[in-house]
Amino acid sequence: MSLAATTTYYDRKGLMATLGRDGMLQVILVANSFIMLAPIIIMVFSAFKTNMEIFQSPFSLPDFSNVGNFVKIWTETNFLRYLANSFFVTGSSMVLILTLGTMAAYALARYQFRGNGFILMFFLAGLTLPLKLAIIPLFILMRDLGILNNQLSLIFVYTATGLPTTVFIMTGFIRTLPNELEDAARMDGASEARIMWSIMLPLVRPAMVIAAIQNVVPIWNDFFFPLVFIQNDNLKTLPQGLTTFMGEYATDYGALFSGLTLSAAPIILIYILLSRQFISGMTAGAVK
Amino acid sequence: MALTGRGLWITALIAPPLAFVALFIVYPIVAAFAYAFYDWQGLLRGEFVWFENFHTVLFVEPYASRTLNAFSHNIFVFFALMVLQNGLGFLLAYALWRELPGARFHRVAVFLPVVLSTIIVAYLWKLFLHPLFGVINQSLRGVGLADVAQPWLGQESTALWALVIAQAWHMVGFPTLVFLAGMQRIPTDIVDAVRMETQSEWVKITKIVWPLVAPSATVVFVLLFVGAFNWFELPYIMAGLDGSPYGSTDVLGLYFYRTAFGNVSAAHQDFGLGSALAVLMFLFIAAIAGFVTAKLRAREIQL
């Protein structure tokens, strides 16, 4: 079957001879996809198994009606709490990032004023700095602000780390928008705020989607900042909460795998639905 | 300058986002440099001690050998991932670029682990590498290679390799798709012209594709470099804060965190030494990344 398929490819391109080479590339791709997907499939299968089943037949299809492990995670742990916290922290950060990022990018892209270039450079400087290394001053800053052990500390840091990429992506995009609409509205006596809100904002949605995806995945997955800022179990986000219940069920492998499966499920499902946007969004900073 | 209506409007737009970046990114990084020159008693800043903290982490035992140990592991991790993650990524990108049947599926599959949390990936591989129950050793026993089965994470000779392979599995999709985007931007007339000239795949890759994806290579290399020297989450979950067994997986990220915030066994925390480590790491990363970027940019070809 694959032979026929590769042959068509060559007929179409009018190329011959290297069938063997393409065959090899195809083998590499299939093998790689197997290596990428097998661990995830084994994880999901194991989530439906007991310790004994995992040990005796790790690769077999499980009985999918056996949801005891999931019930255990769902009812005995703080999983739902962690999930809700992750949604709240990620959601709030994204709202702030997109609002503030669009404001800054709009001002930098549409108005000429003194210090314009310098302010853009200031934002872009944040692109490459590894903020992990500044965790000690951040910790003390959060203590002084009285928001240690408070989700505001996470939201503020995520907002700040998300702004450079957002300003970078959106400034570039807003600069490409034509002036005519804006000038016409200005001539009709519309205020600057109204021009931005009613005329320009509807046009920048595509750039907002890219900026949103680029930031939402690292924020949703972040572990480092909660590890330092949050102690209270009821305030933990999903990756941090995971460490708590992975410790509690240390030898109950079925429960551990179902915990991992439940934690991975939201992002895997969204990724499968929106894979094209995810790929272009997450590589946006690296692809010129 | 008088704040006219327009000036006020621009200020209102710029000031709030600027405040966030200034307060939560720029200030902490500047402060990290200042903190390194003070003696710290817990959360209290003590005397100004000049370069004493730097001297301690670099030249005073036991810190000096720990610093060197962790640093050497970071270097190993960087080069291992350069091959396993970026090298393999280039190969996979090249295979995907041919648009063989199923390319779309393979592209989605290779990027799937990238969107997962590093914490999930780390726990998953920790379970897989379990000496008795893990699927790795079970598979080896199943195919008659019981002698090869070993406690991968429990012995010094294999632990760091195991972490590197888990990390490569997690992230190989990223360089793959960055390289692929670079290849897709190579104009088709160039590709066609090369096809007329040579049958050799090797010549095509080394003389045409590789030089023309140089901008992607620059980005991918620099990001890997910064990532490898900031490596924290995966070793933290898989090997623990002490880089067990016996420090064989200790890296600068773990060492820095341990020094600054203490660990379970020793509650001692030292912000001064931690800041000194952070500053050294920061300067090292900035210097090398800057130098490499400049070097690699110079070899990029403008199309």
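Let me begin with a definition: two residues are in contact if their C-beta atoms, placed from the backbone, lie within 7 Å. The structure under discussion is a predicted model, in which local features need a pLDDT of at least 70, side-chain atom pairs count only at pLDDT 80 or more, and totals for chains, interfaces and linings use all residues. Residues are numbered from 1 along each chain as its sequence is written, while chains are lettered from A and ligands numbered from 1 in the order in which they are written.

I turn to confidence. For the complex, the predictor gives an ipTM of 0.90 and a pTM of 0.89. At the level of residues I use pLDDT, the predictor's confidence in each residue, from 0 to 100. Chain B averages 88, with 97% of the residues scoring at least 70. Chain A has a mean pLDDT of 86, and 93% of its residues reach 70 or more. Over residues 1-7 the pLDDT stays under 50, and the model has 7 contacts for them beyond four places in sequence. Residues 9-16 of chain A also have a pLDDT below 50, with 4 contacts in the model beyond near neighbours in sequence.

Next, the chains themselves. The domain assignment divides chain A into domain 1 (2-68) and domain 2 (77-248); such bounds come from an automatic or database domain assignment. Taken over C-alpha atoms, the centres of domain 1 and domain 2 of chain A are 38 Å apart. Chain B has 14 helices and 2 strands. Helices (H or I, at least four residues) and strands (E, at least two) are DSSP runs, numbered from the N terminus. The C-alpha trace of chain B spans about 75 × 70 × 35 Å along its principal axes. In chain B, 68% of the contacts with a separation of 6 or more are between residues 24 or more positions apart. Of its 303 residues, 43% count as buried. A residue is buried if 20 or more other C-beta atoms lie within 10 Å of its own, exposed if 12 or fewer, and partly exposed in between, with C-beta atoms placed from the backbone.

How do the two chains meet? In the interface, 68 residues of chain B are in contact with 76 residues of chain A. Several elements of chain B give two or more residues to this side, among them helix 3 (63-97), helix 8 (173-184) and helix 14 (271-299). Helix 1 of chain B gives the most, with 17 residues. By class, this side of chain B has 56 nonpolar, 8 polar and 4 charged residues. Here Ala, Val, Leu, Ile, Met, Phe, Trp, Tyr, Cys and Pro count as nonpolar, Asp, Glu, Lys and Arg as charged, and the others, Gly among them, as polar.

Which residues touch the most other members of the largest nonpolar core? They are A104(A), Y123(B) and M281(B), in a core of 170 residues. A nonpolar core is a set of buried Ala, Val, Leu, Ile, Met, Phe, Trp, Tyr and Cys residues joined through C-beta atoms within 7 Å. The largest share of this core, 15 residues, comes from helix 5 (residues 79-110) of chain A. Because domain 1 and domain 2 of chain A both give residues to the core, it lies between them. Leaving out residues up to four places away in sequence, Y123(B) touches L242(A), M246(A) and L260(A), and also I237(B).

Q214(A) sits in helix 11 (residues 205-221). Is Q214(A) buried or exposed? Q214(A) counts as buried because it has 22 C-beta neighbours inside 10 Å. Beyond its neighbours within four places in sequence, Q214(A) is in contact with T165(A), G281(A), M282(A), A284(A) and G285(A).

Finally, some backbone details of chain B. The peptide bond from E61(B) to P62(B) is cis, with omega near 0°, and P62(B) lies in the loop between helix 2 (52-59) and helix 3. The bond from S244(B) to P245(B) is likewise cis, with omega near 0°; P245(B) is in the loop between helix 12 (233-238) and helix 13 (252-261). W50(B), a residue other than glycine, has a positive phi, near 55°. W50(B) belongs to the loop between strand 2 (44-48) and helix 2 of chain B, and it counts as exposed, with 10 C-beta neighbours inside 10 Å.
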